[in-house]
Amino acid sequence: GQSNAGVFTGGGSPAYSLRVENNSFLQCGRMGCTKFFAGNGGNAQYVGNRFNVNLTRPVRDVINVFIAEAGTMVVADNQITGASNTGGPPLQSSTYPIDGAAVRFTGPTVDVSGNTLTNAFKAMDLLPGSLTGQDNVVSHVGFVLAGGPRSNNTVVWQRNDVTNFAVFLPGTGGFESVDMRCNWWGSADGPPSSQFDVPASVYTPWATTPIAKTSVACDPNAP
């Protein structure tokens, strides 16, 4: 276990690589549980970790990684848990013990799979980056996906279970392309209408039952 949690740092040159596996993080510092600067061509892997954050000790971001060029990031099979929230407005960051993002990424590519994320203002934040996400279970978040500069900011987010959220996507203006088809949104009727302009083609078709980590069929190209 790790208290007052570790912050991992690298530099610009030479490239740094990091693997964080099968750890428990408790009582993380205010700015986050882990922060890593991989440099040009660096790599980061977070696998099988448990992060627990309480409202009495909120954190900005749980995992925050910056990779300058040509590197990759993997976030797989982690449990990122905000113990509870205040019950306040869902689009107010102070409602959540994770008042930034569960995963914040700046860099070329990130693969996010098999994680459980609960009680965060943002589940994923790309600043910018290209994200592939599958088999994640996300609940009680303000934003499912948020994006920064549009250039090279792409998302393929499929076969995930997402429930108890306020906004699944704050419009498509922050992304070069977005594919959020074949996800379970907590209802057979699909995601609730958004106050942001998100074309139905971004999230249609959707799964009509929970789909993450299952063999439930869903053809993203079905009419």
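**Parallel strands and an aromatic cluster**

Let me start with the strands: β11, residues 109-113, and β13, residues 130-134, run parallel and are joined by five bridges, where strands are DSSP runs of E with at least two residues, numbered from the N terminus, and two strands pair if DSSP finds at least two bridges between them. This is a predicted model, in which local features need pLDDT of at least 70 and side-chain atom pairs count only at pLDDT 80 or more, while totals for chains, interfaces and linings use all residues. Residues are numbered from 1 along each chain as its sequence is written, and side-chain values use heavy atoms, with hydrogens and water left out.

Turning to the rings, the structure holds eight aromatic pairs, meaning rings of Phe, Tyr and Trp (its six-membered ring) with centres within 6.5 Å, counted as stacked when the planes are under 30 degrees apart, edge-to-face over 60, and tilted for the rest. One of the pairs is Phe168 with Tyr203, edge-to-face at 5.4 Å centre to centre and 75 degrees between the planes. This pair links distant parts of the chain, since Phe168 lies in the loop between β16 (161-167) and β17 (177-179) and Tyr203 in the segment after β17, 35 residues apart.

Are these two residues buried or exposed? Phe168 is buried because its relative accessible area is 2%, and Tyr203 is likewise buried at 16%, the cut-offs being under 20% for buried, over 50% for exposed and partly exposed in between, with a 1.4 Å probe and protein chains only. Finally, Phe165, Phe168, Trp185, Tyr203 and Trp206 form one aromatic cluster.

Definitions and conventions:
Helices (H or I, at least four residues) and strands (E, at least two) are DSSP runs, numbered from the N terminus.
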